[in-house]
Amino acid sequence: MLKKKPYSGFSTVYDAVMKDVQYDRWAEFILSSYSNHCQKFLPKTVLDLGCGTCKLWEKFPRSIQWTGVDSSLEMLEIARKKTIDGEFVHSDLLNFDLERKNFDLILSTHDTLNYLKNESELKSAFLRIRRHLSPDGLFFFDLSSLHNFKTHFDGQTFHERVGDFKIRWKNRFLEKSNRLESILTFSHKLTKEEFSEVHEHTYFPRNSVHLLLKQCGLELLEEGSDYRDWILEEDASLLNYICRSTEINLRNR
């Protein structure tokens, strides 16, 4: 069976598979959190890391100037065909270089950062993000929880039909490496084409995230759960974080 890179074949049906994601609520939560921690009501410039097909952008005010970074050319091609404005950059989270551009808000949602392999890579991403924050900018991101990996995915196989594709989604959590391995197998009804993609997500403990943020000059402002509230819930699937550069505190003292 043909093996493809993550989100290459998946890109054609991604929006359909994710149709139940509550992007409206996500956008509202992100924007309200931004206004609560910033003197501005809305960000003027936003950098979206792991932007994918940019479905989330459709839920934000059109006045925002977007830049999206994604490692999948196929996902970016779908985003470019939408009636949304923005700059699209093909790169991964460890190597994106936007020269001297700074942003009012930097986002990384839908467990994008869990695709990094270890804490060293997460720290490298945080350092790069820190360099692209405007002086009073905010960094909002999520990470999948251990509860999510073990309760909703480990040992489970999902079957879905989207258009002419049948999708089998087989999952297992590897305790030694703290990693969720998901094998997606796609079968096309008409052409009989079959291919697979392997997606690997790393679990990052909260205490490690806290330490890495501090080491990278980022101050953690709040932690929350599932784009609902800034309260930590034991059964949260996605943990939300909002941060700012530590430099703003130094200037305000």
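The buried residues of helix H3 (residues 73-80) pack against helix H1 (14-17), strand S3 (65-70) and strand S4 (87-90), where contact means heavy atoms within 4.5 Å. A quick word before we start: this is a predicted model, where local features need pLDDT of at least 70, side-chain atom pairs count only at pLDDT 80 or more, and totals for chains, interfaces and linings use all residues. Residues are numbered from 1 along each chain as its sequence is written, and side-chain values use heavy atoms, with hydrogens and water left out.

**Exercise 1.** Find the buried residues of H3 and say where they sit around the axis.

*Solution.* Start with the list: Met75, Leu76 and Ala79 are the buried ones (buried is under 20% relative accessible area, exposed over 50%, partly exposed in between, with a 1.4 Å probe and protein chains only). Next, look down the axis: these residues cover an arc of only 95°, so they end up on the same side of H3. That arc is taken from the directions from the helix axis to the C-beta atoms. Helices here (H or I, at least four residues) and strands (E, at least two) are DSSP runs, numbered from the N terminus.

**Exercise 2.** Work out the strand order of the 5-stranded open sheet and its edges.

*Solution.* Read the order off as S1-S10-S9-S8-S7, with mixed pairing (two strands pair if DSSP finds at least two bridges between them). Strands S1 (2-4) and S7 (157-162) pair on one side only, which makes them the edge strands. Now zoom in on S1: its pairing with strand S10 (residues 194-202) is parallel, over 3 bridges, and Lys3 stands opposite Ser196 in S10.

**Exercise 3.** Which parts of the chain does the salt bridge between Glu193 and Lys4 link?

*Solution.* First check the geometry: the side chains of Glu193 and Lys4 meet at 3.7 Å, N to O (a salt bridge is a side-chain nitrogen of Lys or Arg within 4 Å of a carboxyl oxygen of Asp or Glu). Glu193 is in the loop between S9 and S10 and Lys4 in strand S1, 189 residues apart.
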